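Please keep the sequence and the model open side by side while reading the paragraphs below.

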Amino acid sequence: MAKIVFDNGIKTYDIEDEKGNLRGQISFNPADINMFKRYEAVEKAVEDAYTVFAEADRANADYLKLFEETDTNVKNKINEFFDDMNASNVIFGSQHVFNMHNGKTLLERFMTMIMPVIKADFKEEYVKSQERIEKYTEQVSE
């Protein structure tokens, strides 16, 4: 059987807790232009969750169900963001994405750590691309 193997740009990252314990790995392409659009979906899910929390009747028995639904929704968007259906499991485990510690949610603490990695990798790939493009455009302009 024939086989085609190509480099799709996917990188694998170890996810560790603050004590250095490996929680697992997530794999994604940090230079995927579509990540920007998918990140907007994460932001929208977070905004929607805060709206739900603000408008919810805390006396209602369904209040806990709302917490569960918002957690599931945001985790699904995180999985889509990374294009890795196991990402939220590795990152959050069974914890709620809005669990607070030192005044920040679990989601916020993770995104604060991962976004600089994504931005740096994206910039590196952009620079490589520009160098390659300039090599060809210089030939045309001569």
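Helix 1 (34-55) gives the largest share of the lining of the second largest pocket, namely five residues, where helices (H or I, at least four residues) and strands (E, at least two) are DSSP runs numbered from the N terminus. This is a predicted model, in which local features need pLDDT of at least 70 and side-chain atom pairs count only at pLDDT 80 or more, while totals for chains, interfaces and linings use all residues. Residues are numbered from 1 along each chain as its sequence is written, and side-chain values use heavy atoms, with hydrogens and water left out.

The second largest pocket holds about 160 Å³ of space. A pocket here is an open set of points on a 1 Å grid over the protein atoms alone, where a 1.4 Å probe fits and protein lies on both sides within 12 Å along at least five of seven lines; its lining residues have an atom within 4 Å of a point. Its volume is the space filled by probe spheres set on the points, which are joined across faces, edges and corners. Among the residues that line the second largest pocket are Tyr39, Val42, Phe98 and Met111, and helix 1 and helix 4 are the elements that give two or more residues to this lining. By class, the lining divides into seven nonpolar, two polar and two charged residues (Ala, Val, Leu, Ile, Met, Phe, Trp, Tyr, Cys and Pro count as nonpolar, Asp, Glu, Lys and Arg as charged, and the others, Gly among them, as polar).

The largest pocket holds about 630 Å³, and of its 19 lining residues the closest to its centre are Glu16, Asp17, Arg109, Phe110 and Met113. Helix 4 (106-141) gives the largest share of this lining, with seven residues, and the lining as a whole has nine nonpolar, three polar and seven charged residues.

Leaving out residues up to four places away in sequence, Phe82 touches residues including Ile26, Phe28, Ile91 and Phe110, contact meaning heavy atoms within 4.5 Å.

Strand 1 (residues 11-16) and strand 2 (residues 22-28) run antiparallel and are joined by six bridges, strands being paired if DSSP finds at least two bridges between them. Glu16 has Leu22 as its bridge partner in strand 2, and Gly20, in the hairpin with five residues between the strands, takes a positive phi near 85°. Asp14 lies in strand 1 and is partly exposed, with a relative accessible area of 46%; beyond its neighbours within four places in sequence, Asp14 is in contact with Leu22, Gly24 and Gln25.

Which backbone angles deserve a look in the loops? Asp83, although not a glycine, has a positive phi of about 55°; Asp83 lies in the loop between helix 2 and helix 3 and is exposed at 58% relative accessible area. Asn102, in the loop between strand 3 (100-101) and strand 4 (104-105), also has a positive phi, near 55°, and is exposed at 69%.

Methods:
Buried means under 20% relative accessible area, exposed over 50%, partly exposed in between (1.4 Å probe, protein chains only).
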